[in-house]
Amino acid sequence: MTDRIDRLEAQLNALAQGWLRLAAALEVGGVVAPGQIDHSLQTARWPGQPFEAEAMKTVEWLCDQLAQARDVRQSLELHD
């Protein structure tokens, strides 16, 4: 069972990394405005579902990661 959980965790981490890179590429490429994806995610809801609380924590974490990456990119642009 532990191996399955470890594999699942690795798969979810890979998906999160892929999603964050895709979101950053869309922002950098001008396809979406900075913060637009965050806003869209933060309005997602799963009413009455037992996993909603944990899902919202994950959405918050993804948005925080995206915002931190955006801050780093902006900082690097200022130093160029």
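Predicted model: local features only at pLDDT ≥ 70, side-chain atom pairs only at ≥ 80, totals over all residues.
Student: Where is the place of glutamine 49?
Tutor: Glutamine 49 sits in the loop between helix 2 (36-42) and helix 3 (52-79). Helices (H or I, at least four residues) and strands (E, at least two) are DSSP runs, numbered from the N terminus.

Student: What separates the C-alpha atoms of glutamine 49 and arginine 7?
Tutor: A distance of 25 Å separates them, and the two residues are 42 residues apart along the chain.

Student: How many helices and strands does the protein have?
Tutor: There are 3 helices and 0 strands, and the pattern along the sequence is α-α-α.

Student: What radius of gyration does the protein have?
Tutor: The protein has 15 Å, whereas a compact globule of 80 residues would have a value near 12 Å. The radius is taken over C-alpha atoms, and the globule rule is 2.2 Å times the number of residues to the power 0.38. Along its principal axes, the C-alpha trace spans about 50 × 30 × 20 Å.

Student: Of the 80 residues, how many count as buried, as a percentage?
Tutor: Of the 80 residues, 19% count as buried.

Student: Which residues form the largest nonpolar core?
Tutor: This core has 7 residues: Ala16, Leu20, Ala23, Val32, Ile37, Leu62 and Leu66. Helix 1 (2-28) and helix 3 each supply at least two of its residues, and helix 1 gives the most, with 3 residues. A nonpolar core is a set of buried Ala, Val, Leu, Ile, Met, Phe, Trp, Tyr and Cys residues joined through side-chain atoms within 4.5 Å. In soluble globular proteins, nonpolar side chains tend to be buried together.

Student: What does isoleucine 37 touch?
Tutor: Leaving out residues up to four places away in sequence, isoleucine 37 touches Trp19, Ala23, Leu26, Val32 and Leu66. Contact means heavy atoms within 4.5 Å.

Student: Why does alanine 24 count as buried?
Tutor: Alanine 24 counts as buried because its relative accessibility is 15%. Alanine 24 is found in helix 1. Its contacts, not counting residues up to four places away in sequence, are Leu66 and Arg73.

Student: And what about glutamine 65, where does that lie?
Tutor: Glutamine 65 lies in helix 3 and counts as partly exposed at 27% relative accessibility. From glutamine 65 to alanine 16, 49 residues apart along the chain, the C-alpha separation is 9.8 Å.

Student: Which helix holds glutamine 17?
Tutor: Glutamine 17 lies in helix 1, and at 40% relative accessibility this residue counts as partly exposed. Its C-alpha atom and that of leucine 76, 59 residues apart along the chain, are separated by 21 Å.

Key: Residues numbered from 1 in each chain as written. Heavy atoms only, no water. Buried < 20%, exposed > 50% of the residue type's maximum accessible area, 1.4 Å probe, protein only.
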